[in-house]
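Work through the exercises below with the structure in view. Each task is followed by its solution.

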Amino acid sequence: MSGEPPKKKRRYSGSNMTGESAESLRQQRCHLPIYSARGRLNLEIRKTSSAIIIGETGSGKTTQIPQYLYESGMAREGMIACTQPRRVAAITVAQRVAMEMGVELGKQVGYCVRFDDMTSPGTKIKYMTDGMLLREAILDPLLSKYAVVILDEAHERTIHTDVLFGVIKDAQQKRKKGKACPLKVIVMSATMDVDHFSTYFNNAPVLYIEGREHPIELLYSSMPQSDYLFAAIVTVFQIHQDEPPGHDILVFLTGQEEIEAMLKSVKDIAKDLPSDCPQLLVCPMYAALPPGQQLKIFQPTPAGSRKVILATNIAETSITIQGIKHVIDTGKVKAKSYQPGSGLDLLKVQWVSKSQAWQRTGRSGREDSGTCWRLYTENQFQELRENTIPEIQRCNLSSVVLQLLALGIPNILRFDFMDKPSAESIINAVDQLNLLAAVEKKDKVQLTSLGKKMAIFPLEPRLSKVILMAKEYNCLEEILTIVSLLSVESVLFTPHNKREDAHAARKKFTSSDGDHIMLLNIYRAYKAVKGNKQWCFENFINMRHMRNALDIRHQLREMCVRAGLPIQSCGPDTSAIRKCISSGQFMNTAELQREGEYVTLDRRQSVSIHPSSCLFQCKPAYVLYNELVYTTKCYMRNICVVDPEWLYEAAPTYFKRRYGGKNR
Ligand code: ADP
Ligand code: MG
């Protein structure tokens, strides 16, 4: 490994953070279940153009197969891409593989995720999100840089992976015809409906990797739990008191807030345990966690203590954690579901599918026998659906349709999807893009010149449109800031016990025009103090999210410069900014009713202002929202005050249709 510091200043380095020796890493590789199969795998993969590989989580698919292919010379004619549905997985795996190969991250082994490209011209193994590979396909539909594309975690059936299936099949056929270097496709997963996949990929052979299975004891709740978080806490302490130390626990929860809340409760309770109780180390694991903290879960548990990992479904198959003996499955997951009409996807807590429940169970029997505690009854389990519905059948498709059109797919209804989305959802997506003036419907649907430009940005179409419209309102400087801040986790940091203090500190940034302008004020103040840490602390601003936003802003700005957009500022005139936002988000608006409640303009759905909004105490007549979240009721989050005239100007036909209908 090179002793030089990395050239670019990055959060991740290729250095061996866990301090493991090369010999120990080599031995770990040799002990993986996949190791003994590598000769057969190389041989089989060499023979066919497509293959399907099935192996239990932790068997070594993601980290080893790209290395085997590289070692056997399959990267001579092009790179090996390995896609992941999650950016964290792409990053941590690339880092692990760079370490195993003893190379600096970003050289032979790199990763590429939205707004973060850690590759170089010498990169041979590239871990990337499925979304990034799809974007690359827009610029190069033949994917000519790649000799092998591995579609990993295929069972997750993310919208991007599903679209990639069709795009890659097409590239493979075209490259065959054009006598270019053939494109090898490997689909990998821990579990999946093998026949369905094999048939779709022209009867591709299925290669199984034998895992090491150990018996798992399955325990169900005797009655349904009304509060699964509480049940999970009780179960953690029951295990902690009854079981020997070293037997680590993995708890499946639904999201960051829930994990942070449980983390606090468990730590508080642990303080009062008898002194002879083993020490309890609690680690959170979710996608937005800082990378340094994520690495903690991979470190061995110190002797005499017990590790409890509180994770989202990221720990189902995407990452492997060693030493887990007990799994606590709440049976819940936060997943996207489509909200017809509004063009928005909603994140909602839902029941897992049976196959997800089995994946979670399997995490406990990796190295030895284990126990899975299901916090639901056996009857409840029987009622779960067999498999998770592919995202493409439950999410808004406007982004994907825009990308497919940019890829030059002539008739999306006839695109070779593995499982087709409904014609209705495709037509809805086209309608939304039409409202945004991104497509026009002549004899066939095609992108307008605005639509072509929108497809360049790795953003939802509504936000890409806002960026492109900023030219009309001379406010791209401000819009870049707002869009970047909307693209990261909230920069507002509101600890449970200091809610009042946080609100008081934030008062100076609030605006009667709404949260978008407040975000702009925060950004300006942050820049003025040059990102001072103490300032962030005093003002309850999450510095890490702020830095991410700055990073994104920088990249979006470069994209705008390349697209020839003038980077101008509108000065103190916030109405220009709000008009510009309305031009892309007029569909996500609500109107105040006489009774003091809001209803959305599209579906006349009752909604409320989210308590985190700076407009929470106000009642503007018309507001635009960036997202809807369901908890106890439906809340609008990130809101800005708008004038109905602007909405009408942004989409006259849309509003005429609605109000024409309403008044008649
Ligand atoms: P699969 O893709 O089959 O689920 P992986 O290739 O991801 O398996 O993981 C194989 C093994 O590599 C894991 O069991 C674990 O021991 C090790 N491993 C993977 N990622 C890391 C990491 N970031 N840190 C430490 N060990 C890791
Ligand atoms: Mg894997």
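**Exercise 1.** Find what distance separates the centres of domain 1 and domain 3, and describe the side of domain 1 that touches domain 3.

Solution.
- Step 1. In this predicted model, the centres of domain 1 and domain 3, taken over C-alpha atoms, are 29 Å apart. Domain bounds come from an automatic or database domain assignment.
- Step 2. To the contact, domain 1 gives 11 residues and domain 3 gives 9 residues; two residues are in contact if their C-beta atoms, placed from the backbone, lie within 7 Å.
- Step 3. On the side of domain 1, α5 (130-139) and α6 (159-177) are the elements that give two or more residues. Helices (H or I, at least four residues) and strands (E, at least two) are DSSP runs, numbered from the N terminus.
- Step 4. The largest share, 6 residues, comes from α6.
- Step 5. By class, this side of domain 1 has 8 nonpolar, 1 polar and 2 charged residues. Ala, Val, Leu, Ile, Met, Phe, Trp, Tyr, Cys and Pro count as nonpolar, Asp, Glu, Lys and Arg as charged, and the others, Gly among them, as polar.

**Exercise 2.** State which elements of the protein chain have the lowest and the highest mean pLDDT.

Solution.
- Step 1. The mean pLDDT (the predictor's confidence in each residue, from 0 to 100) of the protein chain is 90.
- Step 2. The lowest element is helix α25 (residues 652-663) with 65, and the highest is strand β6 (residues 146-151) with 98.

**Notes.** Residues are numbered from 1 along each chain as its sequence is written, while chains are lettered from A and ligands numbered from 1 in the order in which they are written. In this predicted model, local features need pLDDT of at least 70, side-chain atom pairs count only at pLDDT 80 or more, and totals for chains, interfaces and linings use all residues.
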